[in-house]
Amino acid sequence: MRPLEWRLFEAGYCTHPERMTRRGGRWCNCQFPALTALIRHPQYGPILFDTGYSEAFMEATAPLPERLYRMVTPVRLETGRTLREQLRRQGLEPADIGLIVLSHLHGDHIAGVRDFPDVPLLCSSEAWDDMRRRGRIGALRKGLLPALIDSAKDRLQWLEQRPEVRLAPPFAAFGMARDVLGDGSLLAVPLPGHGAGQHGLLFREPSERPVFLVADAVWSSQAIRDGVPPPGWVTGLLGDTGEYRRTLARLHALSLDAPEVRIVPSHCVEWRPDV
Ligand SMILES: [Zn+2]
């Protein structure tokens, strides 16, 4: 596996009670950053994993009933903090990005795709088909805002069409992955339970440590360490509680078997990058 440089960006955050993300957690409001990753491949160039919040999210959740999304999880996106603006300050223009991999289609992961207008998008066809078959209310109840990605559908490519590879230890419990670039450097790993078709990304950083970006398979690194899931009604509302807990158990076991692996959830404050 060829090592890849990477770094995280925070593109806005939302607040809600910790109790919604952790069984027995606190009722007070906590911040949940929307983390995205920039991965640099020596041949394919800069690749993004998810896009965080953006102005498009604010527009899509301005009318009712979509406004309920923002009322349940109030969102804060400060001036100059969209992913596109932060990348520009790093000298990267939207056209420099070679590919955006979308872990799943929840609004807080795809809201920025409009800011990268010509970049191919790679996601699971299972996630797309699941979203397409829902009506406006049915999609919203699952945290989906189709308006954020409808205009980008010509750019979509499917993970299911990438070569399938069997994961080796210590990742074998996650089954088969998709080889995103065809060179084994970047693998999309299924993480079922949270939302339809969710995939994480697995690669090796230059220090040789494996990095496993696990999207919303868990809300925090603490949950991986102690194996405590969110309340069943939350995971049941968004996806499948049984699958969610099996995925969490695999991540918990991985953290014990291979502590050198950096396991990075999308909304964990422990991974918040310095501004
Ligand atoms: Zn999600």
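Which residues does Ile100 touch, not counting those up to four places away in sequence? In this predicted model, Ile100 touches Leu48, Thr51, Val113, Phe116, Val119 and Leu121. Ile100 also belongs to the largest nonpolar core, which has 73 residues. Together with Val101, Leu148 and Val214, Ile100 is listed among the residues with the most contacts inside this core. Strand S2 (residues 29-41) supplies the largest share of the core, six residues.

The chain as a whole was examined next. The chain has nine helices and 13 strands. Along its principal axes, the C-alpha trace spans about 45 × 45 × 40 Å. Among contacts between residues at least 6 apart in sequence, 66% join residues at least 24 apart.

Seven of the strands form an open sheet with mixed pairing, in the order S4-S1-S2-S3-S5-S6-S7. Strand S4 (75-76) and strand S7 (156-158) are the edge strands, and each pairs on one side only. In general, strands of a sheet pair through backbone hydrogen bonds, in either a parallel or an antiparallel manner. Strand S1 (residues 5-17) and S2 run antiparallel and are joined by 11 bridges. Within this pair, Cys14 has Phe32 in S2 as its bridge partner.

Strand S8 (residues 164-166) is joined to strand S9 (residues 176-179) by three bridges, and the two run antiparallel. Here Val165 stands opposite Ala177 in S9. S9 is also joined to strand S10 (residues 187-190), by two bridges and again in antiparallel fashion. The bridge partner of Arg178 in S10 is Ala188.

Helix H9 (residues 241-257) was considered in detail. H9 has 17 residues and reaches 24 Å from its first C-alpha to its last, close to the 24 Å expected at 1.5 Å a residue. The buried residues in H9 include Tyr244, Thr247, Leu248, Leu251 and Leu254. They lie on the same side of H9 because they cover an arc of only 120 degrees around the axis. On the other side of H9, Leu256 and Asp257 are exposed. The buried residues of H9 pack against strand S12 (210-215), helix H7 (221-226), helix H8 (232-238) and S13.

Pro273 lies in the segment after strand S13 (262-265). Is Pro273 buried or exposed? Pro273 has 11 other C-beta atoms within 10 Å, and a residue with 12 or fewer counts as exposed, so Pro273 is exposed. Leaving aside neighbours within four places in sequence, Pro273 is in contact with Arg7, Leu8, Phe9 and Glu10. The C-alpha atoms of Pro273 and Leu35 are separated by 8.7 Å, although the two residues are 238 residues apart along the chain.

Conventions: Residues numbered from 1 in each chain as written. Predicted model: local features only at pLDDT ≥ 70, side-chain atom pairs only at ≥ 80, totals over all residues. Helix = DSSP H or I, 4+ residues; strand = E, 2+ residues; numbered from the N terminus. Buried ≥ 20, exposed ≤ 12 C-beta atoms within 10 Å, placed from the backbone. Contact = placed C-beta atoms within 7 Å. Core = buried A, V, L, I, M, F, W, Y, C linked by C-beta atoms within 7 Å. Expected span 1.5 Å × (residues − 1). Arc of directions from axis to C-beta. Pairing = 2+ DSSP bridges.
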